[in-house]
Amino acid sequence: MSGVAINYSLTSGGNQSAGISIESYFILKKMSELAEHFCFPASRQSTKEKFYTLMRTWKKEVLLLSSTTKIVTHPSYQRIIGMGQDVIPLILREFEREPNHWSWALRAITGEDPVALEDRGNLMKIREAWLKWGKEHGYIE
Amino acid sequence: MIGVIARSPETPTYNCIALSAGDDTRWWWPAGDSYWPKGISKDVTLEVFIQAFSTLDYVPCDNYELDSCFEKIVIFVDDNGEPTHAARQLENGKWISKLGQYIDVEHELNILRDYVLSLDKNTDYGYPAIILRRPKKLHR
C-alpha cells in the first residue's frame, strides 16, 4: 500500500487533500455513495436529484476505464441522455466545474456538434466549445 | 498494494493510450470526440491499436526486457481480444499506467490487473497481448 496525497471529494461540491492510500480513497468513496443511495432513492427524486445520482454512479463506475465507448454507453450515462433537454443546463454546469466526457451526451440530446475536428481528444477545448454553445443558446450565463 | 506507486494526481485530461503514446494533453480512443491518429481505422481491435502506435514508429517485439536502445509499451486486451489498456516501460524496467480518469501508477507488469480489480471488481484490464517498441534515439 502506498501513502500519497490524493484529492478526493465526499460531496459534489467539496475537495480536500489528505495523506491517504489509494485503497482508503476508494473505501471512502464507496461509503459516501452508500449514504447517498440511502438518503436519495431514485423513486423520490426531482430531475436535478436524479441527474446527480446518475452522474455520481456513472463517474464512480467509469473512473478506471480508458475506453470512450464504454464510458458513454454506461447505463447511467445513457439514462442521463434519456432525460433529454431538461438536463442540458445541469450537464453544462458540471462541465463548467470540471472537464469530463459530456460531449457525447450533449451531441445526442441537442443534435449539435460545436467541437472543431482539430480539438478531438482535448477535453479542455471540447469543454470550451460546449460552454460557448451553452451561453449562445441561453442555457448558462 | 506492494509494488504500485502513485505518480500523478487524478485527471480526466488523458488516458492510458495517450500516456503510452507520450501525450498527456488528449484522450486517445477510436470513438466519439476522442483523439485518434489520422488515417487509422476506428475499430476497437488489437490490430488497429498496433497500427495507431505504428504512426509513432512502434513495431511489435517479442520480449518485456528493459533495453536501453528502445522504448517499449504493452497493450492489454480483455477475454474477447479487445484492447482495454496500455502501459509504457520506464527507465528502471517498471511500467507506468494511467488508470482511466484516475491517477498514473508505476507498477510491475504482472500485478496491474489484480491491482485494478482490487480497486473496482467490475473493471478488468485483462492481459498483456503485445509488446511494441521503437528506437529511443529518434524521439529525444
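Predicted model: local features only at pLDDT ≥ 70, side-chain atom pairs only at ≥ 80, totals over all residues.
**Chain A**

Chain A contains seven helices and two strands, and along the sequence these follow the pattern β-β-α-α-α-α-α-α-α. Of its 141 residues, 28% count as buried. Among the contacts in chain A with a separation of 6 or more, 41% are made by residues 24 or more positions apart.

**The nonpolar core**

The largest nonpolar core holds 58 residues, and the members that touch the most others are Ile91(A), Trp28(B) and Ala86(B). The element that gives the most to this core is α2(A), with five residues. Ile91(A), when its neighbours within four places in sequence are left aside, is in contact with Trp102(A), Ala105(A) and Leu106(A).

**The sheet of chain B**

In chain B, seven strands form an open sheet in the order β1-β6-β5-β4-β3-β7-β2, with antiparallel pairing. Its edges are β1 (4-6) and β2 (59-61) of chain B, each of which pairs on one side only. On average, and with direction ignored, neighbouring strands of this sheet are turned by 35° against each other. Helix α2 of chain B (residues 46-54) packs on the sheet, where it touches β2, β3 (70-77), β4 and β7 (127-135) of chain B, and its direction makes about 20° with that of β7(B). Helix α3 of chain B (residues 112-119) lies across β1, β4, β5, β6 (104-107) and β7 of chain B and runs at about 135° to β6(B).

| Hairpin | Residues between strands | Glycine with positive phi |
|---|---|---|
| β4(B) and β5(B) | five residues | Gly93(B), about 90° |
| β5(B) and β6(B) | five residues | Gly100(B), near 60° |

Strands β4 (residues 83-89) and β5 (residues 95-98) of chain B run antiparallel and are joined by two bridges, and Arg88(B) has Ile96(B) in β5(B) as its bridge partner. Between β5(B) and β6(B) the pairing is also antiparallel, over four bridges, and here Lys98(B) stands opposite Asp104(B) in β6(B).

**Where the chains meet**

Across the interface, 26 residues of chain A are in contact with 33 residues of chain B. On the chain A side, the elements that give two or more residues are β1 (3-8), α1 (22-39), α2, α3, α6 (103-110) and α7 (123-136) of chain A. By residue class, the side of chain A that touches chain B divides into 14 nonpolar, 10 polar and two charged residues.

Terms used: Residues numbered from 1 in each chain as written. Chains lettered and ligands numbered in written order. Pairing = 2+ DSSP bridges. Axes fitted to C-alpha atoms, helices over the stretch in contact; angles between N-to-C directions. Contact = placed C-beta atoms within 7 Å. Nonpolar A, V, L, I, M, F, W, Y, C, P; charged D, E, K, R; others polar. Core = buried A, V, L, I, M, F, W, Y, C linked by C-beta atoms within 7 Å. Buried ≥ 20, exposed ≤ 12 C-beta atoms within 10 Å, placed from the backbone.
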